[in-house]
Amino acid sequence: QIFNQHNAEAPNLEQVFHRMAQMEPNLDHDVSWFLLPSYWAKTVVALISFLCFANSYDGDFVFDDSEAIINNKDLRAETPLGDLWYHDFWGSKLSSNTSHKSYRPLTVLTFRINYLFAGGFYPVGFHVINIILHCTISVLMVDVFSILLGGLQFSNKGRRLNLAPKSSLLAALLFAVHPVHTECVAGIVGRADLLCALFFLLSFLGYCKAFRENKEGHTFSVFWVLVSVILGAIAMLCKEQGITILGLNAVFDALVINKINLLDLIRKLLYKDKSLENAGLLRKGLLFRITLLMCGGASILYIRWRIMGTGPPAFTEVDNPASFADSLFVRAINYNYYYSLNAWLLFCPWWLCFDWSMGCIPLIKSVSDWRIIALAALWFCLIGLICQALCSEDSHKRRILTLGLGFLIIPFLPASNLFFRVGFVIAERVIYLPSIGYCILFTYGFSLLSKQAKKKKILAVAVLGILLINVMRCVLRSSQWRSEEQLFRSALSVCPLNAKVHYNVGKNLADKGNQSAAIKYYREAVRLNPKYVHAMNNLGNILKERNELHEAEELLSLAVQIQPDFAAAWMNLGIVQNSLRRFEEAEQSYWTAIKHRKKYPDCYYNLGRLYADLNRHIDALNAWRNATVLKPEHSLAWNNMIILLDNTGNLAQAEAVGREALELIPNDHSLMFSLANVLGKSQKYKESEALFLKAIKANPNAASYHGNLAVLYHRWGNLDLAKKHYEVSLKLDPMAPGTKENYNLLRRKLEQLQKKGG
């Protein structure tokens with residue numbers, strides 16, 4: 001559908017476009033930079049953006065990737081596709097009190113497609129898609145910057161002209177190689193920001209396409225405005241920031257298409273000037289388009305609100321300390337300090353960290369804190385830019401500065417804490433889109449300096465040096481994102497006061513079996529944050545394994561005192577109390593854990609072990625049965641049921657449970673071994689032998705498997721085979737209990753048989 005522009009009082013939009021190139025100074029005129037054809041410019045940008053992040057292609061799943069991908073059931077084929085629309089980014093129900101309310105179903109859908117094509121959790125495919133997305137976005141930025149810096153004009157054939165080829169190339173290169181983008185590209189979870197940015201830019205380019213000329217004269221297309229709204233909705237379904245493109249499209253329409261002077265408009269509104277009717281805001285078409293954008297945005301937000309529910313996301317003080325401050329002054333000061341740090345990361349992206357929470361940035365609590373200078377510097381720069389954007393007599397300067405500030409500030413608003421509390425202090429990924437505004441301002445500043453500079457080539461070399469340094473920083477930072485160990489250790493020098501950094505380093509070391517080093521980092525995490533219950537829980541676990549039970553009990557008791565609903569800590573406390581033979585307290589701890597987490601199979605398993613130690617066999621079997629109902633693949637619970645029934649002489653029941661378990665977990669060699677023992681005692685030698693051999697094939701170095709098969713052959717009368725497997729068992733474990741005695745008995749029997757035969 002095409003809406004024709006006919007307004008006698010306002011200049012025709014076609015005339016506006018043709019005047020743009022003639023009346024406004026060309027930004028490229030003063031820029032000493034490379035001039036390349038559009039195709040080559042995009043090729044250069046694509047190659048350089050690929051070079052920056054190519055070394056992340058074979059990285060591991062790191063940090064948040066575990067929760068968003070590996071532990072996210074929405075990626076698996078058994079989860080109905082429809083569930084994606086009612087779950088958050090991490091796979092939790094949006095209606096849950098623990099949900100972060102991050103609604104990104106299209107991003108999760110791409111993860112699911114990655115998982116299905118790869119046939120499992122293989123990170124290479126995930127990383128490759130992220131790299132391709134960033135390269136694609138960087139290429140699109142050439143077109144976007146050509147419009148933002150050079151204006152929107154079409155040829156007689158309706159083809160959009162690039163009026164600032166040098167400036168748009170420089171800005172696109174700045175964007176492509178900015179090190180702050182590493183988290184989005186090298187961290188798989190950053191896919192949300194990349195997809196959001198892709199559709200964000202497509203929405204903007206679609207909106208620009210609405211003003212393409214045709215044979216009937218200049219018109220605007222309602223169809224392309226609606227396409228832009230739909231693409232904005234898709235961007236928001238990838239990440240929340242996507243909705244802000246609708247506001248930016250409106251700003252672009254007012255400033256570039258209708259050339260409104262904001263200061264002039266504000267004056268007329270304040271003084272109720274009658275000439276307001278002639279102002280660009282009331283030109284035919286602009287209000288209609290802005291109404292379409294507003295209605296589209298309101299509809300998108302309403303639908304999201306209906307799906308998400310009214311409850312706010314649940315965050316804790318450690319996630320965002322400033323938002324929990326009692327004083328409005330303290331909150332305002334610290335929010336502004338966070339803004340200044342985000343601005344600094346754009347300006348000087350040298351100190352980068354995967355997590356800025358938990359004491360990484362101590363709160364500013366008084367005006368005597370020297371960090372107030374950062375706030376003053378930020379607002380001095382912003383006010384200066386805003387004044388120039390509003391008051392400059394140069395319309396070209398007003399337009400570029402306003403668009404630069406718009407793209408810098410508007411996409412950042414959802415992360416600003418102004419409308420709702422966010423779950424982070426600083427997140428490098430959320431400045432992926434605002435960096436567009438930074439690149440506009442940087443490029444415009446470079447053009448101003450070039451205009452004044454006598455030796456323009458030196459200035460161009462300096463900018464080239466900045467690009468080269470950024471490329472090197474991207475390569476280095478990408479390598480740090482390849483593994484959790486490198487990523488976590490890189491943060492120690494940036495945020496040494498961040499308890500979460502020390503916790504993650506400790507967890508990584510513990511996972512690799514280096515418990516002594518892990519203890520050191522866990523202790524430091526608890527020292528930095530005495531209420532860090534997860535660090536206490538993990539430290540308590542390691543101490544429990546090292547048999548340092550009393551200190552483990554103290555830590556776990558403190559953890560549940562600080563957070564009474566911490567189910568994992570209650571279970572671990574129960575395990576420690578059980579080891580200390582305080583059975584009643586252990587039982588109480590287990591039931592408290594189950595109270596706070598209804599579906600807790602591991603806790604039922606440990607409760608069953610407690611009951612078995614107390615010879616409460618029925619209670620033990622019931623607890624293990626609960627564990628297998630909640631988690632059918634819980635091998636340990638199945639095994640313990642089989643062994644307990646075997647030991648108590650209930651061979652028929654033990655056999656039934658074993659067969660049931662193997663139907664659910666057919667490749668579990670420990671279950672094969674346990675059932676084989678039961679069948680052997682029931683004199684079902686052939687079936688028992690088959691299971692023993694299958695278990696040995698799966699785990700050939702288990703001495704007990706060979707030893708028990710030897711016992712079966714011994715009973716069955718296959719003495720040569722019994723001798724062979726006794727010898728294999730003793731070779732694998734010379735101290736295997738009972739095996740040596742059985743082997744000696746067999747040898748004596750064989751000797752006796754030889755004598756009789758002789």
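**View 1. The lining of the largest cavity has five nonpolar, two polar and four charged residues.** Ala, Val, Leu, Ile, Met, Phe, Trp, Tyr, Cys and Pro count as nonpolar, Asp, Glu, Lys and Arg as charged, and the others, including Gly, as polar. The model is predicted: local features need pLDDT of at least 70, side-chain atom pairs pLDDT 80 or more, while totals for chains, interfaces and linings use all residues. Residues are numbered from 1 along each chain, and side-chain values use heavy atoms, without hydrogens and water. Val62, Phe63, Asp64 and Asp65 are among the lining residues. The volume is about 90 Å³. A cavity is a set of points on a 1 Å grid over the protein atoms alone where a 1.4 Å probe fits but cannot get out; lining residues have an atom within 4 Å of a point. Volume is the space filled by probe spheres set on the points, which are joined across faces, edges and corners.

**View 2. The second largest cavity holds about 60 Å³ of space.** Its lining counts 13 residues. Tyr338, Asn342, Phe412, Ala415 and Val425 lie nearest the centre. Ten of the lining residues are nonpolar, three are polar and none is charged.

**View 3. Helix H31 spans residues 703-716.** Helices are DSSP runs (H or I, at least four residues), numbered from the N terminus. Just after H31, Gly717 takes a positive phi of about 95 degrees.

Notes:
1 Å grid on protein atoms, 1.4 Å probe; cavity = no way out; pocket = protein on both sides within 12 Å on 5 of 7 lines; lining within 4 Å. Helix = DSSP H or I, 4+ residues; strand = E, 2+ residues; numbered from the N terminus. Expected span 1.5 Å × (residues − 1).
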